[in-house]
Amino acid sequence: MMPARIKIKKGLDIQLIGEAEKKIIRCVPQTYALKPTDFIGVFPKLLVQEGEEVKAGTPLFFDKYREQILFTAPVSGRITAIRRGLKRVLLEIVIEASETGEAIDFGKADPNTLSREQIIGKMLKSGIWPMIRQRPFSIIAKPEQQPKAIFIPAFDSSPLAPDYNFLVEGQAEAFQTGIDALKKLTSGKVHLNLPDGSSVSNVFLEARGVQVNRFSGPHPAGNVSPQISSLDPINKGDVVWYLRPQEVLSIGRLFLSGTYDATKLFALTGSMVERPAYYQCKAGACIEEMVKDNVKEGPVRFISGNVLTGTRIERNGFAGFYDSQITVIPEGDYYEFLGWATPGLNKFSFSGMFFSKLQPRRKYRLDTNLHGAERAFVMTGKYEKVFPFDIYPMQLIKAILVEDIDLMENLGIYEIDAEDFALIEFIDTSKIEIQTIVRKGLEFIRMETT
Amino acid sequence: MKGLRRFLDKIKPNFEKGGKFAKLRSTFDAFETFLFVPNKVTFAGSHIRDAVDLKRTMSIVVIALMPPMLFGMWNVGYQHFFSNGMETTLWQNFWYGFLQVLPIVIVSYVTGLAIEFGFAQARGHEVNEGFLVTGMLIPMIVPPDTPLWMVALATAFAVIFGKEVFGGTGMNILNPALTARAFLFFAYPKEMSGDKVWIADKLDAFSGATPLGHAMIGEVDKIPSPMDMFLGIIPGSIGETSTLAIIIGALILLITGVASWRILFSVIAGGLLMGWIFNLIALNEYMLIPAWEHLIMGGFAFGAVYMATDPVTASQTLKGQYIYGFLIGVFAILVRVFNPAYPEGMMLAILFMNIFSPLIDHYVIQANIRMRKKRWQKAEMNAVVENTLKQ
C-alpha cells in the first residue's frame with residue numbers, strides 16, 4: 001500500500017548542543033534497576049527479597065490490580081537493594097549483575113504459527129508485555145482488550161533524540177519477528193510511522209505486514225499522539241496500543257532466542273557530555289559507567305530521556321524502562337542581573353522577543369533555569385502554535401484544574417498525553433507546570449471512569 | 001553586581017516568613033526579581049524553559065508604546081505653542097510636552113502600583129507585571145489637560161474595580177486602561193469633552209477641536225488633511241494622534257509576536273467595511289468620510305494596536321479572535337458616526353467586545369465539541385454496521 005504522507009504543521013524544534021556521535025561504545029554497568037515508578041498506574045507487589053539470585057526474566061514484582069502483568073529482571077545477578085521512598089513507595093529494585101549472564105528459557109517459536117493467546121502468554125511471562133502501552137492514559141496495555149490499531153513511531157523528533165535508524169541497524173530479523181507477533185495482537189493495522197524526506201533504514205523499509213506512514217514537520221511530529229490523531233483519531237471508548245522500535249526488537253528476540261534479551265542502545269547526549277555517543281547496554285542500566293570521566297565541570301542535571309519529558313536521575317541513577325536516551329545539561333541555579341532586559345543573543349525563545357531570533361540555525365546550550373516565576377495565565381493564544389491538534393489546550397487545562405470530567409472528555413483529553421504539552425510548558429510565559437497538570441487530569445479521569 | 005546580590009541575600013531573610021518585615025514580602029520579591037532573574041530551576045516537567053517571561057513581554061509592550069508616547073509629548077508642546085500663535089523649535093515643543101505629560105505618567109504609575117502591591121501583599125501573591133503596561137497606557141489615552149487628581153482617581157478605579165475585584169492580572173474582563181478612560185468619560189463628561197481639553201493651556205479664541213469633534217457637528221470641511229492626521233499633528237489624547245508612530249509600535253508588537261495579528265487585522269477590516277457601508281448609504285456628510293480616513297482619526301489605530309490585542313480581555317480562541325476583532329472595527333465606526341454623544345466609538349467598541357469575548361469563545365469551543373461528538377457517533381455507527389455484517 002502507498003504510504004500516507006502527513007505534514008505536522010505546528011510545533012517547535014529546539015536545537016541543542018550535544019548530539020550523540022554515531023558510534024557504539026560497549027558498556028558493562030555493574031548494577032541495573034527496575035523502577036516501578038516508570039509504569040503509570042501500576043501498584044507493585046514484590047516477588048523477591050534482598051540477597052536473592054535472579055536470572056534474566058525472573059519476575060521481580062507484579063501489578064496488584066492486574067496480576068498477570070509481570071515485571072522481570074533485565075539481567076542475571078543478585079538483588080542488592082530494594083529502595084523505598086515516602087510512604088514506603090517502591091522506587092527501585094537494584095540488581096548487581098553476574099558475569100554468567102543466565103537467562104530463563106521461555107522457548108523459541110515462530111509467532112506466525114502461534115495464536116494470539118500463546119503470543120500474549122509468552123510476552124506476559126517473560127516480562128516483555130509492559131513494553132506495549134495504550135492510549136488513552138499511557139498505561140500498560142490490557143492483554144484481554146482488542147486495540148483498534150497498533151502504532152510504532154519509528155523516529156524521535158524531540159531535542160537531541162537518538163537516530164532510530166542507528167538503533168535498529170542490522171537487526172532486520174528481530175524487527176520483522178517482533179512485527180509478526182504484533183500483527184497477531186490486533187484486528188486492525190500495525191502502523192509504522194517513518195520520517196518523510198530523510199533517509200530511512202532498510203530495517204524499516206523492508207518490514208512486511210505493516211502500514212507505512214510518512215510524517216514531516218517539527219517536533220512533536222515523532223510523538224505518537226499527533227500520529228494517531230492524524231491517521232485514526234481516538235474516540236471515546238477507543239483503545240490503541242503503541243511501542244517504539246527498540247521494544248519491537250526485544251519482542252522479536254524473545255521469539256527468536258526464547259529469552260528476555262534486554263540489550264538496547266542509549267544515546268548519551270547533552271551539552272555537558274564530553275563525548276556524546278551511543279552506548280550499548282541493557283534496559284535499566286546504571287548510568288554511572290557511561291558518564292564517568294565524560295561530564296564537564298560544573299553543576300549538572302542527569303536526565304533519563306529527553307529534556308522535555310525525561311525524568312531527573314542521579315549520577316549513579318538508572319535509565320528508565322522506556323528510555324533510550326540519557327541527557328546531561330547544566331543546572332541553572334544562578335541569578336542574572338536584569339536578565340529580562342538583556343538583548344538576549346544567547347537566549348533561546350520561541351517568541352520573537354530576543355535578538356537570538358535573527359540566527360535561526362544556531363544551536364543552544366540551555367540550562368535548567370526557569371527564567372522567571374509562576375504567574376497567572378496572561379498570554380493567551382500562544383499555546384496553539386506548538387500544539388498540532390484540533391484541541392483547545394488552555395481550555396482543556398482549565399477543565400482539568402476544575403476537575404470537570406464531561407468537559408475534559410468533550411475537549412479531547414483521550415487524544416493527548418502529558419508529553420504532548422511539553423512544548424506548551426516550554427514556551428509558557430507564565431511558567432506553569434502544565435505536564436504535571438495534564439498527567440493529574442488523565443489519572444483523575446482514569447480513576448473515575450474505571 | 002555581585003555586591004548588590006550579596007546585599008539582597010543579606011537582607012532577604014528579613015522578608016521571609018518569620019522575619020521582621022515578612023509582611024512586605026511581595027514588595028521585596030517584586031524588587032528582587034526586577035533586579036535579578038531568580039535562580040529558580042525547573043522541578044517537574046520540561047527541564048529547560050523558554051527565556052521569555054511576563055517581565056520581558058510587558059517591557060516589549062512598553063517599548064512599543066514609546067514611539068506614540070514620544071511623538072505625543074512633542075505634539076502636546078506643538079499644539080500648545082501653535083494655539084498660542086508662537087513659533088518654536090522641536091526641542092521646545094518636546095520639552096513643554098514632556099513636562100506636561102511626565103506628571104500624568106508618574107501619577108498613573110504611583111497610584112496603580114501602590115494598589116497592586118497592596119493587593120499582592122494582602123493576598124500573599126507575587127506582584128504581577130500587568131500594570132507596567134496599564135500604567136503607561138492610561139496617560140496616553142487621556143487629554144493633555146486632564147487634572148492629575150482625575151488621573152489618580154481613574155487609575156485607582158480601574159485597578160480596583162476593573163481588575164483586582166476579579167482576582168487580579170489575568171482574571172479581568174475589561175481592559176483596565178480603557179476602564180480608567182471610560183470612568184473619566186462618564187464621571188466627568190464636562191471636563192472630558194468639548195474643545196477645551198485637547199490642547200494644553202490653549203488660548204480661548206483658538207478652536208482646538210479634534211477631527212472627531214469637527215465631524216460630529218458636521219464640520220467635515222474643518223477636518224485636518226489626511227497627512228496631518230496620519231502624522232498626528234492634530235489635537236487629541238496624548239498618545240493617540242500619530243498613526244505613523246502607532247504603526248511603528250504595531251510592527252514591534254507583531255515582529256516579537258506579542259500582539260495577535262489576527263485581532264489587529266480584523267479590527268482594521270471591520271472598520272473599513274463599516275466605513276465603506278456608510279459611504280454607500282451616504283445620508284449625511286459624516287457618512288461620506290472615506291472609509292480609510294476613519295482609521296487615522298481619533299483613537300481607532302491606537303485602540304486596535306494596543307487595546308484590542310490585550311491577551312487577557314480579547315477572545316482567547318484563534319477563530320474567536322477574528323470575530324472579536326472584526327466586530328470591534330464595525331462597532332467603533334458605527335458608534336462614532338451614529339451617536340453624537342460618544343464621539344470616540346473605539347473605547348466603547350472595545351469595552352463592549354471585552355464583555356462579549358467569553359461568549360464568542362464559548363461558541364467556538366462548542367463547535368469543536370460538536371465536531372468531536374459527531375466523530376464519536378460516526379465511529380460507533382461504523383462499529384455497529386461492521387458487527388452486523390460479520391454476523
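Q: What percentage of the 391 residues of chain B count as buried?
A: Buried means under 20% relative accessible area, exposed over 50%, and partly exposed in between, with a 1.4 Å probe and protein chains only. By that cut-off, 54% of the residues of chain B are buried. Do keep in mind that this is a predicted model, where local features need pLDDT of at least 70, side-chain atom pairs count only at pLDDT 80 or more, and totals for chains, interfaces and linings use all residues. Residues are numbered from 1 along each chain as its sequence is written, chains are lettered from A and ligands numbered from 1 in the order in which they are written, and side-chain values use heavy atoms, leaving out hydrogens and water.

Q: How many helices and strands does chain B have?
A: Helices (H or I, at least four residues) and strands (E, at least two) are DSSP runs, numbered from the N terminus. Chain B has 16 helices and one strand.

Q: Where in helix 16 of chain B does a kink lie?
A: The bend at a residue is the angle between axes fitted to the seven residues ending there and the seven starting there. In helix 16, a kink of about 40 degrees lies at B:Phe356, shortly before the proline B:Pro358.

Q: Over in chain A, is A:Ile313 buried or exposed?
A: A:Ile313 is buried, at a relative accessible area of 10%, and lies in strand 18 (residues 311–313) of chain A.

Q: Which residues is A:Ile313 in contact with, leaving aside neighbours within four places in sequence?
A: Contact means heavy atoms within 4.5 Å. The partners of A:Ile313 include A:Lys35, A:Ile287 and A:Phe318.
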